[in-house]
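Please look over the sequence and the structure below.

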Amino acid sequence: MTKNIYFLSDAHLGSLAIAHKRTQERRLVRFLDSVKHKAAAIYLLGDMFDFWNEYRYVVPKGYTRFLGKLSELTDMGVEVHFFTGNHDLWTYGYLEQECGLIVHRKPLTTELYGKEFYLAHGDGLGDPDNKYKVLRRIFHSPLCQRMLNFIHPWWGMQLGLNWAKHSRLKRADGKEPPYMGEDKEYLVLWTKQYKQTHPNIDYFIYGHRHIQLDVTLADKTRMLILGDWIWQFTYAVFDGEHLFLEQYVEGESEP
């Protein structure tokens, strides 16, 4: 029997701007528990943490339910792939060594059940914001990453979490702008351009934008944006033949 492959993103666990963060983490863990016997692999497409920075002997406080469930999944033989986002890219081995995750720092093109998938968090792909491009280069700079780790962990975490909180609260209701349309949504525009030189890709799946989107491009290629695990609790599931964008609603039948 073919097992499912699941995709989700953008839980932003630990965010100082999310009042229901403990409830949110428990709900995410219950979802993972509900699919553990049906999953061949789970792809976490970035920003699962609102800020994650590892030191040599210190990792961020909390997230024990989530990290414990991921460890259980990998111990069972489920592949769990963790894509670094723009909030949780400062990981240096703990998630691989202690939790058994497969960490991806760049977009991944991979074949799943005979279909070609392009998987990425989505930040930096076609984004026209020049200020963000500069900030992203700083975040990914090895020198700047080493400088961050010279700061005491308490100060470093406060800096990161408060920066993330400020960034979220600048938006109306703390949420991303709604879908801008196929002719303006930069991930759609970037995907169309990339598809011209990579015609064999069947599915593009992204996080980052916090919107639910499922559009069909040329040659029946589909592009999905996964929503989030703050308010929407959405995910994609591929059963080997069909790809669905779903919402996890507790109390209903298991996904």
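## Aromatic rings and their surroundings

Phe7 and Phe117 are both buried (under 20% relative accessible area with a 1.4 Å probe, protein chains only; exposed is over 50%, partly exposed in between). The model is predicted: local features need pLDDT of at least 70, side-chain atom pairs count only at pLDDT 80 or more, and totals for chains, interfaces and linings use all residues. Residues are numbered from 1 along each chain as its sequence is written, and side-chain values use heavy atoms, with hydrogens and water left out.

The structure holds 28 aromatic pairs. Rings of Phe, Tyr and Trp (its six-membered ring) pair if their centres lie within 6.5 Å; planes under 30 degrees apart count as stacked, over 60 as edge-to-face and the rest as tilted. Two pairs share Phe117.

| Pair | Centre to centre | Angle between planes | Kind |
|---|---|---|---|
| Phe7 and Phe117 | 5.7 Å | 15° | stacked |
| Phe117 and Phe238 | 5.1 Å | 65° | edge-to-face |

Phe7 lies in strand S1 and Phe117 in strand S6, so their pair ties together parts 110 residues apart in sequence. Phe238, in strand S10, is 121 residues from Phe117. Phe238 is buried too. One aromatic cluster takes in Phe7, Tyr43, Phe83, Tyr113, Phe117, Tyr203 and Phe238.

## Strands

Helices (H or I, at least four residues) and strands (E, at least two) are DSSP runs, numbered from the N terminus. Two strands pair if DSSP finds at least two bridges between them.

An open sheet has six strands in the order S4-S3-S2-S1-S10-S11, with mixed pairing. Strands S4 (102-104) and S11 (243-247) each have a single partner strand, so one side of each is left without a neighbour in the sheet. Strands S1 (residues 4-8) and S10 (residues 234-238) are antiparallel, with three bridges. Phe7 has Ala236 in S10 as its bridge partner.

S6 (residues 115-120) runs antiparallel to S5 (residues 108-112), joined by five bridges. Their hairpin has two residues between the strands, and Tyr113 takes a positive phi near 50° there. S6 also pairs with S7 (residues 203-206), in the parallel sense over four bridges. Here Phe117 stands opposite Tyr203.

## Two helices

How do H1 and H2 pack? Helix H1 (residues 21-35) and helix H2 (residues 64-75) make an angle of about 10°, and their axes are 9 Å apart. Axes are lines fitted to C-alpha atoms, for helices over the stretch in contact, and angles run from 0 to 180 degrees between N-to-C directions. H1 and H2 are therefore roughly parallel (under 35 degrees; over 145 is roughly antiparallel, 65 to 115 roughly perpendicular, the rest oblique).
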